[in-house]
Amino acid sequence: MRSWLDKLAAFLGALAFVAGLIAIVLFVGSLFGGSVTARTAIGGAIGVAAVVLVPRWIAVPRLLGGFAALIYAFLFMPIFVVVIYAFNSGRNVASFEGFSTQWFGRALDDDTITSAIERSLQIAVASAIIATIFGTAAALALSRVSNRVRAPFDVLVFLTLVVPELVIAVSSLIFFVNVGYDLGLVTMFLAHTVFNASLVLLIVRSRFVSMGTSLEEASRDLGASALGTFRQVTLPRLAPAIAAGALLSFTFSFDDVVISNFTSGAGNDTWPLRILSGLRFGLTPDLNAAATMMLGVTLIGLGGAALILRRSARRSGGSMSLAGAAGHA
């Protein structure tokens, strides 16, 4: 109980500190603008007091934890609001009139939404399968070559993940237009797979490098063929990382907006694009419900990948995560 009170105090202290900074900025702005009022002056004085006193009352390490909690609350609060109002019984999205699940049924009765869900599932499943196959093969191959050969491929892989998604989307669009390929489901699938294959490569290679080669060498010494060693030794040990990469590939492809928007063509809206286009005409309860269902599918994929990676790390006695996979690779 004491720890929860300390965490709550750290969160409230961080909130007061940030509010104090905002009040000081507003006071300084009004001071330079020549429009200082009693309210802004009092707010500035209270802000200075908060900025000075909060670090004295709360230890800096706990205060930093409060800042982290405040940032997460700021990021995820809009998502919580969308989820809550998806269960609103009324049509007014600005006021909660009661609990109801009717909008989920109405969203699924909309042919434009169900067809968009079907397209998203088709593209995500196909992209996950192909990206997992190519990413796993590339991870095994690059792990066995010299640094001189591997370095150029590493640059391309990390560029795929580091370059802004908008740049990848525009580049993909230009490429498909120049080769004369009609935009549609196939172009979305290809663009998603390029990104997802790099992600799978990093995760699988991190697992392959961390588990060593002693068991493979022992299998070969005992007379097993290369294919038999891969099937009986290497593949079972890589299975958690491969499954995690597949789930992440499915998730990233399923909820992608930018790349899909540039490579979809006309009449090929995916689920995220359908929600985005609906928002242009105003927020409705069925869109809240559709967004909540899409969020649920995304969280299932991410949660499954995190669970598989955590169990794999416990069995191997190491530490494995998405950030760790990128750094280790």
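This is a predicted model: local features need pLDDT of at least 70, side-chain atom pairs count only at pLDDT 80 or more; totals for chains, interfaces and linings use all residues.

Look at one of them, Phe74. Phe74 sits in helix H3. Its relative accessibility is 66%, so Phe74 counts as exposed, because the cut-off for exposed is over 50%.

Now turn to the aromatic pairs. How many aromatic pairs does the structure hold? There are eight. A pair of rings is described by two values: the distance of the centres and the angle of the planes.

Take Phe17 and Phe67. Their ring centres are 5.7 Å apart, and their planes meet at 80°. The pair is therefore edge-to-face, because planes over 60 degrees apart count that way. This pair links distant parts of the chain. Phe17 is in helix H1, residues 2–33, while Phe67 is in helix H3, residues 60–86. The two residues are 50 apart. Is Phe17 buried or exposed? Its relative accessible area is 17%, so Phe17 is buried; the cut-off for buried is under 20%.

Phe175 and Phe176 make another pair. Their ring centres are 5.5 Å apart and their planes are at 65°, so this pair is edge-to-face too. Phe176 is buried, because its relative accessible area is 6%.

Notes. Residues are numbered from 1 along each chain as its sequence is written. Side-chain values use heavy atoms; hydrogens and water are left out. Rings of Phe, Tyr and Trp (its six-membered ring) pair if their centres lie within 6.5 Å; planes under 30 degrees apart count as stacked, over 60 as edge-to-face and the rest as tilted. Helices (H or I, at least four residues) and strands (E, at least two) are DSSP runs, numbered from the N terminus. Buried means under 20% relative accessible area, exposed over 50%, partly exposed in between (1.4 Å probe, protein chains only).
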